[in-house]
Amino acid sequence: MVPKLAQRELDRLAGRTGGQCGMIETREQRVLDPDVAADYCGALGCTRAWLVLGEGDPPTADEVRAAVEAARARVAAAA
């Protein structure tokens, strides 16, 4: 959906430590705190229910791209 979006960049866009996304994906981190999920949802433009449980409608590719671009802009402005 978003070309060249690496796990570490997603961590940065979500305001999380580097490597956390990878630990979630590989299930090294088995429990996903609601606040952590909310941070990733904000960066990806999706709901917690969809991200964590797969419930509800998934975000469209355009929604994900827009959310990522907005997060990139926020991070760049804060730097």
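Predicted model: local features only at pLDDT ≥ 70, side-chain atom pairs only at ≥ 80, totals over all residues.
## Helix α3 and its buried side

In helix α3, which spans residues 34-44, the buried residues are V36, A37, Y40, C41, A43 and L44. Buried here means under 20% relative accessible area, exposed means over 50%, and partly exposed lies in between, with a 1.4 Å probe and protein chains only. Helices (H or I, at least four residues) and strands (E, at least two) are DSSP runs, numbered from the N terminus.

Residues are numbered from 1 along each chain as its sequence is written, and side-chain values use heavy atoms, with hydrogens and water left out.

## What α3 packs against, and its ends

The buried residues of α3 pack against α1 (7-13), α2 (20-25), α4 (48-53) and α5 (61-78). Contact means heavy atoms within 4.5 Å.

At the N-terminal end, α3 is capped by D33, which has a side-chain oxygen 2.8 Å from the backbone nitrogen of D35. A polar contact is a pair of N or O atoms within 3.5 Å; within protein, one must be able to donate a hydrogen and the other to accept it, and residues adjacent in sequence count only if both atoms are side-chain atoms. Just after α3 comes G45, with a positive phi of about 70 degrees.

V36 lies in helix α3 and is buried, with a relative accessible area of 6%. Leaving aside neighbours within four places in sequence, V36 is in contact with R16, Q20 and I24. The C-alpha atoms of V36 and C21 are separated by 10.0 Å, and these two residues are 15 residues apart along the chain.

C41 also lies in helix α3, and its relative accessible area of 5% makes it buried. Apart from neighbours within four places in sequence, the contacts of C41 are C46, T47, R48 and L51. C41 and L51 are 10 residues apart along the chain, and their C-alpha atoms are separated by 7.1 Å.

## The nonpolar core

A nonpolar core is a set of buried Ala, Val, Leu, Ile, Met, Phe, Trp, Tyr and Cys residues joined through side-chain atoms within 4.5 Å. The largest one has 14 residues, and those with the most contacts inside it are L10, L13, Y40, A43, L44, V64 and V68. Two or more residues of this core come from each of α1, α3 and α5. The largest share, 5 residues, is supplied by α3. In soluble globular proteins, nonpolar side chains tend to be buried together.

L10 touches L5, C21, Y40, A43 and L44, not counting residues up to four places away in sequence.

E9 is found in helix α1 and counts as buried at 16% relative accessibility. With residues up to four places away in sequence left out, E9 touches K4 and R72.

Q29 is in the loop between α2 and α3, and at 19% relative accessibility Q29 counts as buried. Leaving aside neighbours within four places in sequence, Q29 is in contact with Q20, M23 and I24.

## Positive phi away from glycine

Most residues other than glycine have a negative phi. K4 is not a glycine, yet has a positive phi of about 65 degrees. K4 is found in the segment before α1 and counts as exposed at 81% relative accessibility.

R27 is not a glycine either, and has a positive phi of about 65 degrees. R27 is found in the loop between α2 and α3, and at 53% relative accessibility R27 counts as exposed.

## The largest pocket

On a 1 Å grid over the protein atoms alone, a pocket is an open set of points with protein on both sides within 12 Å along at least five of seven lines, and lining residues have an atom within 4 Å of a point. Grid points are joined across faces, edges and corners, and a volume is the space filled by probe spheres set on the points.

About 360 Å³ of space lies in the largest pocket. Its lining has 14 residues, of which C21, I24, E25, L32 and L51 are the closest to its centre. At least two residues of the lining come from each of α2, α3 and α4.

Methods:
1 Å grid on protein atoms, 1.4 Å probe; cavity = no way out; pocket = protein on both sides within 12 Å on 5 of 7 lines; lining within 4 Å.
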